[in-house]
Amino acid sequence: MSRQELTIGAAGLQTQMRSWLAPLAWLFLLVLFASGMPHLEGAFRWIEPDSREVIYRRAGFFVLLGQHVLVVGVASLLAVALGIGSAIAVTRPAGRDFLPLVSQLASIGQTFPPVAVLALAVPALGFGTLPIIVALLLYGLLPIVRNTLTGLDGIDADVREAARGMGMTGGQLLRQVELPLAAPVILAGIRTSVTVNIATAALGATVGASNLGDPIIAGIINGNTAYIVQGALLIGLLALAVDSVFERLLRRG
Amino acid sequence: MIELFGVTKRFGGETAVDALSLRVEKGEVCVLVGTSGCGKSTTLRMINRLIEHDGGEIHLEGAPVRSFDEVTLRRRIGYVIQSTGLFPHWTVARNIGLVPRLLKWPRARIQERVEELMQLLGLPVREFAGKYPRQLSGGQAQRVGVARALAADPEILLMDEPFGALDPLTRQSLQKELQELQARLHKTVVFVTHDMDEALALADRLVVMRKGRIVQQGRPIDLLHDPADEFVESLLGGMDRGLKEAALTRVSERMLPLGPRLLASERIPYAAPLSQALSLMLWHRVERLTVVDDEDIPVGELSLRRLLGGKTS
């Protein structure tokens with residue numbers, strides 16, 4: 001019996017490892033391109049034969065990548081905390097009056113173009129990283145709020161009834177029943193929010209937040225396609241890597 | 001013991017329960033029956049305060065339910081609902097252990113109790129402990145629901161149409177199991193159903209409700225013999241009442257000791273209801289049955305006249 005269990009265990013471990021293969025592969029490609037970009041000079045020369053310089057060198061790609069991840073990470077963490085928090089708050093008996101208001105605000109956040117948020121935020125917050133974090137935060141809130149509301153709403157009323165009838169407190173109901181059951185839907189919302197924000201964060205380069213958007217903006221200004229491709233390539237790989245991590249997490253949940 | 005004194009509940013302008021008074025003795029199975037919307041479920045849910053009553057008082061063991069913290073109160077009362085309400089992300093064992101865990105029992109004691117209950121409800125531990133609710137049949141899921149309600153050994157059990165969603169065969173076998181459980185556990189049970197056969201089979205006290213009021217209450221047999229009005233009569237089955245009464249009486253109550261005559265060829269267990277004996281007679285076109293005990297040994301006989309209540313054989 002133990003032998004059979006061992007084999008099953010090993011096989012399980014193998015599938016576990018295999019399922020992490022896609023995220024790891026994208027991550028590997030990302031690191032490879034970020035570190036090896038100068039070695040691809042030949043290829044970029046072919047894309048952009050007229051420019052003197054074809055590899056973006058004003059900052060290291062790893063530094064840009066790190067700043068990009070940092071901005072998206074901070075904005076997403078704030079959006080997750082605020083989004084899930086407010087969605088939970090308005091589905092409790094005490095906060096139910098605010099449910100329409102919050103879902104409306106979240107929708108408005110989405111319809112507002114991030115460029116407009118930046119344009120409004122710069123006068124108030126100045127140039128740099130802060131306005132882009134605010135813009136990403138507002139922009140990333142909607143999918144999280146909407147999915148958390150959907151996830152909580154999708155829970156069988158009888159499960160809630162039974163939980164209350166058995167003598168669970170509101171907090172126990174939330175932590176032990178509602179959140180675990182809504183988790184896949186909430187996670188899907190976070191996934192959308194984060195991947196969209198990885199792309200949107202590039203706009204930060206226009207207000208002086210240096211990140212992977214820098215080569216793209218510089219490329220547009222100088223008419224250098226190679227710069228644009230380098231920035232876009234890394235942003236794309238980052239988005240794919242993060243997205244496949246979420247995909248992996250969702251499949252288990 | 002549960003007592004309701006003039007309990008009233010209004011939803012908006014509508015009165016769902018109207019000055020209802022009821023007393024359920026300790027160890028008694030009280031079944032609330034009535035058409036849908038008669039307030040029977042509302043009455044049940046007011047006992048564990050899932051719905052707060054607007055007027056009157058509800059007492060458990062002499063103390064008003066409002067004097068308890070509602071969470072503490074509910075952990076002391078077993079609650080079973082039609083759709084089971086099992087947590088889909090928890091295993092069977094974890095679902096059953098819910099209330100003991102809320103009550104912070106030590107882990108070993110919870111596991112012991114869960115296994116004991118699974119055995120009691122005919123759910124082999126090895127097979128079912130690790131399963132999830134979606135892997136269970138309707139009957140199995142409701143067994144888990146009953147086990148969960150019994151987990152912390154509550155004095156009181158509230159059951160809201162627990163077998164309503166099951167097929168007739170599963171329903172009957174669960175009713176029988178509930179009767180056997182009750183014979184051992186002696187809980188105070190309030191049971192809501194709109195299935196009159198179920199009500200007659202399970203009730204020590206039958207309470208017929210209509211429009212938020214009690215129309216009649218008493219022993220099932222008394223209600224059958226002497227329904228208060230046409231509503232109760234029709235609810236109890238109208239012209240079928242004779243058969244329903246026969247279903248409540250056991251063969252052993254009417255049988256006579258074995259006589260000198262030859263044994264009748266058809267046999268019936270002594271614990272079977274009279275309705276079954278009548279059915280056998282109709283089917284085989286005989287007027288006499290041999291009554292046998294659990295080991296299929298003849299212990300008496302039952303004639304059609306005795307079955308009908310005649311004095312002589």
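In this predicted model, B:K104 is found in the loop between α4 and α5 (107-120) of chain B. The backbone at B:K104 has a positive phi of about 60 degrees, although B:K104 is not a glycine. Most residues other than glycine have a negative phi. B:K104 has 7 C-beta neighbours inside 10 Å and therefore counts as exposed.

B:H186 also has a positive phi, of about 50 degrees, and is not a glycine. The loop that holds B:H186 runs between α8 (168-185) and β8 (188-193) of chain B. B:H186 counts as partly exposed because 13 C-beta neighbours lie inside 10 Å.

| Residue | Phi |
|---|---|
| B:K104 | about 60 degrees |
| B:H186 | about 50 degrees |

The next topic is strand β6 of chain B. In β6(B), 5 of the 5 residues are buried, so the strand is largely enclosed by the rest of the structure. B:I77, B:Y79 and B:I81 point one way from β6(B), while B:G78 and B:V80 point the other way. Strand β6(B) runs parallel to strand β7 (residues 156-160) of chain B, and 5 bridges join the two. Within this pairing, B:G78 stands opposite B:L157 in β7(B).

Chain B also has an open sheet of 4 strands in the order β2-β1-β4-β5, with antiparallel pairing. Its edge strands are β2 (14-24) and β5 (63-64) of chain B, each of which pairs on one side only. Strand β1 (residues 2-11) of chain B pairs with strand β4 (residues 55-60) of chain B in the antiparallel sense, over 5 bridges. B:E3 has B:H59 in β4(B) as its bridge partner.

The contact between the chains takes 15 residues from chain B and 13 residues from chain A. On the side of chain B that touches chain A, the elements that give two or more residues are α2 (70-75), β6 (77-81) and α4 (98-102) of chain B. By class, this side of chain B has 9 nonpolar, 4 polar and 2 charged residues. Strand β6(B), with 5 of its 5 residues buried, is thus one of the elements listed for the contact with chain A.

Chain B as a whole is assigned two parts: domain 1 (2-245) and domain 2 (249-307). The C-alpha centres of domain 1 of chain B and domain 2 of chain B lie 35 Å apart.

Key:
Residues numbered from 1 in each chain as written. Chains lettered and ligands numbered in written order. Predicted model: local features only at pLDDT ≥ 70, side-chain atom pairs only at ≥ 80, totals over all residues. Domains from an automatic or database assignment. Contact = placed C-beta atoms within 7 Å. Nonpolar A, V, L, I, M, F, W, Y, C, P; charged D, E, K, R; others polar. Buried ≥ 20, exposed ≤ 12 C-beta atoms within 10 Å, placed from the backbone. Pairing = 2+ DSSP bridges.
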